[in-house]
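Have a look at the model first, then try each task before reading its solution.

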Amino acid sequence: MVMDGTHATKQRLLDVGMALLLEHGYHGLGVQALLDAAQVPKGSFYHHFRDKEDFALQVVDEYMRNVHHGLDQCLNDTARPPLARVRRFFELTEENYRREGYLGCLLGGLGQELSGVNGTFRARIAECFTVISERTATCLEEARVRGDIPSDADPREMACLLVDCWEGAALRSRLRGDAEPLTSMLDFYFAASGARRQ
């Protein structure tokens, strides 16, 4: 698909801004630094975004488009058993973290930074985590029906716990600068869930 110049400029700002928000956080990112990194004039920013908050919220939306793509790619892969699909999504996410230098999850980083002071971000990020949990729960329900996890397991609770544990491991991974907390968490979670080996 060919983008027109206006759309391409906005996409460049979102892409560059996502990387800068991951690295520096919301308060550490100045609009001028973004413009310099994206090599676009100031007017371009205000043509596409009302202000810095609007920009960051649109970056979150862009991030979630990428998350949905990963969820679609993994959870819809019916050639794999459902638990393997769930695990594959988180493994692919870890691969993205590695490429970015283990800066962690944008949602988790912004949530920690802003949820106590900005209700708009708190609500948006909570909604994003809910969407990830709900999509994961659908796959875990399939695993429960197949007998891959105990029949009395609650897939929604399991999915919420998985996302919560992942976010904690993502923070530890950023602090350490490596994947060990992420891989250890996945190993522990799938063993502790009573999952049948696949």
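A residue counts as buried when its relative accessible area is under 20%, as exposed when it is over 50%, and as partly exposed in between. Keep in mind that this model is predicted.

**Exercise 1. Cysteines**

Solution: 
- Step 1. Start with the cut-off: two cysteine sulfur atoms must lie within 2.5 Å to count as a disulfide.
- Step 2. Next comes cysteine 160, which is in no disulfide either; the nearest cysteine sulfur, in cysteine 165, is 11 Å away.
- Step 3. Cysteine 105 has a relative accessible area of 8%, so cysteine 105 is buried. Cysteine 160 has 38%, so cysteine 160 is partly exposed.

**Exercise 2. The nonpolar core**

Task: Work out which residues touch the most other members of the largest nonpolar core, and which helix gives the most to this core.

Solution: 
- Step 1. The core has 63 residues, and Leu21, Phe55 and Leu107 touch the most other members.
- Step 2. Elements that give two or more residues include helix 1 (5–24), helix 6 (106–114) and helix 7 (119–146).
- Step 3. Helix 4 gives the most, with 11 residues.
- Step 4. Zoom in on leucine 107: leaving aside residues up to four places away in sequence, leucine 107 touches Val60, Tyr63, Met64, Ile125, Cys128, Phe129 and Ile132.
- Step 5. A general idea to go with this: in soluble globular proteins, nonpolar side chains tend to be buried together.

**Exercise 3. Aromatic rings**

Task: Decide how the rings of phenylalanine 49 and phenylalanine 55 are arranged, and name the cluster that includes Phe49 and Phe55.

Solution: 
- Step 1. Planes over 60 degrees apart count as edge-to-face.
- Step 2. Phenylalanine 45 and tyrosine 46 are an edge-to-face pair, with 4.9 Å centre to centre and 80° between the planes. Phenylalanine 45 is buried at 1% relative accessibility, whereas tyrosine 46 is partly exposed at 43%.
- Step 3. For phenylalanine 49 and phenylalanine 55 the centres are 5.0 Å apart and the planes are at 80°, so this pair is edge-to-face. Both residues are buried.
- Step 4. Ring pairs join Phe45, Tyr46, Phe49 and Phe55 into a cluster.

How values were computed. Residues numbered from 1 in each chain as written. Predicted model: local features only at pLDDT ≥ 70, side-chain atom pairs only at ≥ 80, totals over all residues. Heavy atoms only, no water. Core = buried A, V, L, I, M, F, W, Y, C linked by side-chain atoms within 4.5 Å. Buried < 20%, exposed > 50% of the residue type's maximum accessible area, 1.4 Å probe, protein only. Helix = DSSP H or I, 4+ residues; strand = E, 2+ residues; numbered from the N terminus. Contact = heavy atoms within 4.5 Å. Phe/Tyr/Trp six-rings, centres within 6.5 Å; stacked < 30°, edge-to-face > 60°.
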